[in-house]
Amino acid sequence: MLELRPNCECCDTDLPPESLDARICSFECTFCVACAEGALAQRCPNCSGELVRRPIRPAAALARHPASTTRHLSASETR
C-alpha cells in the first residue's frame, strides 16, 4: 500500500492525499508537479526513477488506511 507522503521532498509544499499535483517514483519519493516537471525533469533525484502522478486513494479506503503524516526532505534539495 502506498504511504501517501504529505509533502514535496524538494520544496516542502503540502500534498494532501487527494492532490492531483503529487508525483512519485517506484520508491514512493514524493514531489510536487512544479518540482517534478521543472528542476527534476521528471526524474527522482534519489534513485533516478521516473516520476508519475500519485494515485488518489478512495475516501472509504483512506478512512481505514490513512495517509502518512511523516514529512520527508531529500538530501539533494533543489530549493
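Predicted model: local features only at pLDDT ≥ 70, side-chain atom pairs only at ≥ 80, totals over all residues.

**Overall numbers**

I began with burial: buried residues make up 41% of the 79 residues in the protein chain. Buried here means under 20% relative accessible area, exposed means over 50%, and partly exposed is in between, with a 1.4 Å probe and protein chains only.

Residues are numbered from 1 along each chain as its sequence is written, and side-chain values use heavy atoms, with hydrogens and water left out.

Next I checked the radius of gyration, taken over C-alpha atoms, against the globule rule of 2.2 Å times the number of residues to the power 0.38. A compact globule with 79 residues would come out near 12 Å, and the protein chain has 12 Å, so the two agree. The C-alpha trace spans about 35 × 20 × 20 Å along its principal axes.

Of the contacts in the protein chain with a separation of 6 or more, 59% are between residues 24 or more positions apart.

**Helices and strands**

I count two helices and three strands in the protein chain. Both kinds are DSSP runs numbered from the N terminus: helices are H or I with at least four residues, strands are E with at least two. Along the sequence the pattern reads β-β-α-β-α.

I zoomed in on β1 and β2, which run antiparallel and are joined by three bridges. Isoleucine 24 stands opposite threonine 30 in β2.

**The core**

The largest nonpolar core holds 13 residues, and Cys8, Cys10, Phe31, Cys35, Leu40, Cys44 and Leu51 have the most contacts inside it. My criterion was a set of buried Ala, Val, Leu, Ile, Met, Phe, Trp, Tyr and Cys residues joined through side-chain atoms within 4.5 Å. β2 (30-32) and α1 each supply at least two residues of this core.

I then listed what cysteine 8 touches, leaving aside neighbours within four places in sequence: Thr13, Leu15, Thr30, Phe31, Cys32, Cys35, His72 and Leu73.

**Charged pairs**

How many salt bridges does a search of the whole structure find? It finds four, where a salt bridge is a side-chain nitrogen of Lys or Arg within 4 Å of a carboxyl oxygen of Asp or Glu.

Aspartate 12 and arginine 71 meet in one of them, at 3.1 Å from N to O. This pair links distant parts of the chain, with aspartate 12 in the segment before β1 (22-24) and arginine 71 in the segment after α2 (59-64), 59 residues apart. Arginine 71 also bridges to aspartate 14, with the closest N and O atoms 2.8 Å apart. Here too the pair links distant parts of the chain, 57 residues apart.

On accessibility, aspartate 12 is partly exposed at 28%, arginine 71 is partly exposed at 40%, and aspartate 14 is exposed at 52%.

Glutamate 3 pairs with arginine 5, the closest N and O atoms being 3.0 Å apart. Glutamate 3 is partly exposed at 28% relative accessibility, while arginine 5 counts as buried at 12%.

**Positive phi**

Most residues other than glycine have a negative phi, so I looked for exceptions. Leucine 4 has a positive phi of about 55 degrees; this leucine 4 is in the segment before β1 and is buried at 4%. Glutamine 42 has a phi near 65 degrees. Glutamine 42 lies in the loop between α1 (33-37) and β3 (52-53) and is partly exposed at 29%.

Key: Contact = heavy atoms within 4.5 Å. Pairing = 2+ DSSP bridges.
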